[in-house]
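Colleague: Please show me the model, and let us go through a few of its local features together.

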Amino acid sequence: MRVVFAGGGVIALLTALECVSAGHEVVVADQADIPFSGATSFDRHRVLRALHTGDPATTAAAVAAHHAWIELENRLSTSFYEQVGALTALPEPEAARDLLTAAGSKAEVLGADELAAEFPHAGFVPGTSAVFESHAGVLLADRVLTACATRLRWHANAELHPHRKVAGIDADRAEVRLADGETLRGDAVLVAAGPWSRDLLAPALSRELVLHRQTMLYCDVPPADAAAWAATPAITSLGSDGGAWLVPPVAGTPLKLSAASACRVVDEIGGATVPSWWREHLIDTFATLIPAFRRDWLVDTRDCHYLARRSTLGPLLAVLGDRVLTYAACGGSSFKFAPLIARSLAARLTGAGPVPTGLEPLDRPLVRAGGAHPIRPALRGVS
C-alpha cells in the first residue's frame, strides 16, 4: 500500500514511520526542508506531562504516551526525552495527585513552603501549592523530528520530497497536487500540514479551524544560577493569572518562557518577526514573577502558529471520503501524544482499523464528504 503525506511535521513523520514499519510505502511532501524549522512541531523542546484536570481518559492516554516516547527512543537509538518531571500549580493539588495515581503515574503534592524552599528561583506565586509528576519532562522536539526524517530518508519504502509545496487534495482519488504541477497518487492520504492545512480544505471544514499565534522567550540563565535551573522540572503553571509557564534549560537548550496570555487568535500566518508588544508583555510578566530575571537573559524570541478546532479548542481529525484523513494539531498537546496519534492514524490509513487511544478527537473523528479542495483535471500530472 502507498500512503502520501501532505506535510512533514511530527504527526506526519511518526505516522510515516508506523506505515513503513508495517511494510507499506510512504511519500512525504513539504514546502521546505524535512524537517521544516518553521513548522509548528519544530522547536528546541516540548513538555510531556500526564495531568489533564478532571479528565481521567486523557490523563491515562498521556501516561501511555510517556511510555511510548521511551519505546521510540529505543527504536530510533536516539536520546530526546529528558525525564526531569513536571510541576503544576493548582488550588487543590491533592485531587490532581489522586487522578494521576489512578492513571498509573507517580505524583506528589508540594506545599507552598516546599515550593519556596526548593525552587526559589522559579517564581511560583506566593502561597501556591503544586503537584509534581515524576513520569514527565521535556521532549527535545528538533531531535525527534531529525531522527524521524533521517530514518525515513534511508528507508527503502520511503520517499521524501522537501521544497515541494502541496497545493491541493483530491479526496476521491487520494491524490496530492504539488505547486509545481506534479501529482502524487496513493492508496491513502494524510493531510498534516500544520497551520497551512486550512488552505487545502474545503471552506466548510476550514471554518471549523481557528488559527492561534503564541509568543515565546528563550533565555540564557547566569552561570551562578545554572545549577538551580538545571535541577528544575518543567513548570506548566506558576499559578499566575496570566497562565505563565516555563521549560527548564536541559541538554544544552535555553530556558523557555511563555504564558497563556501571550496566545491569541489571528486571521493568517504572520512573519518570523515577533511583534514588540508581545515580547515586552512576556518580559514584563516574568520580570514580576522570576526574582532574578533580567532583560539581558533574553537570547531569542519566536512565534508559533497552530490550529485548533473552533468548538473544542483541541485537535481535529476528519475523514474525507474513503481514503483521506486530515489532522489539524493543537500546539504542544498534540506533540506529546504524537506516538499514540501516529499509531491510530497509520492503522486507519492502511485499513487495519481504528486503534483506541483514549483521545476523543482520534477515537471519534469527524466524517465529512468533500472536505478537500478538488484538483482541477487540467492540473493533474504524472506521479
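This is a predicted model: local features need pLDDT of at least 70, side-chain atom pairs count only at pLDDT 80 or more; totals for chains, interfaces and linings use all residues.

Colleague: Which strands stand at the edges of the open sheet of three strands?

Modeller: The sheet has the order E10-E11-E12, and its pairing is antiparallel. The two outer strands each have a single partner strand, so one side of each is left without a neighbour in the sheet. From one strand to the next, the twist averages 20 degrees. The edge strands are therefore E10 (166-170) and E12 (183-185).

Colleague: Which residue of E12 does Glu-175 stand opposite?

Modeller: Strand E11 covers residues 175-178. Three bridges join E11 to E12, and the two run antiparallel. The residue in E12 that stands opposite Glu-175 is Arg-185.

Colleague: Is Arg-164 buried or exposed?

Modeller: Arg-164 is found in the loop between strand E9 (158-161) and E10. Its relative accessible area is 18%, and a residue counts as buried under 20%. Arg-164 is therefore buried.

Colleague: With which side chains does the side chain of Arg-164 make a polar contact?

Modeller: Arg-164 touches several residues beyond four places away in sequence, including Ala-29, Leu-178 and Asp-180. Its side chain makes a polar contact at 2.7 Å with the side chain of Asp-180. Another, at 3.3 Å, is with the side chain of His-161. The partners are Asp-180 and His-161.

Colleague: How far apart in space are Thr-312 and Pro-361?

Modeller: Thr-312 lies in the loop between strand E19 (298-309) and strand E20 (316-320), and is exposed, with a relative accessible area of 52%. In sequence, Thr-312 and Pro-361 are 49 residues apart. In space, C-alpha to C-alpha, the separation is 9.7 Å.

Notes
Residues are numbered from 1 along each chain as its sequence is written. Side-chain values use heavy atoms; hydrogens and water are left out. Two strands pair if DSSP finds at least two bridges between them. Helices (H or I, at least four residues) and strands (E, at least two) are DSSP runs, numbered from the N terminus. Axes are lines fitted to C-alpha atoms, for helices over the stretch in contact, and angles run from 0 to 180 degrees between N-to-C directions. Buried means under 20% relative accessible area, exposed over 50%, partly exposed in between (1.4 Å probe, protein chains only). A polar contact is a pair of N or O atoms within 3.5 Å; within protein, one must be able to donate a hydrogen and the other to accept it, and residues adjacent in sequence count only if both atoms are side-chain atoms. Contact means heavy atoms within 4.5 Å.
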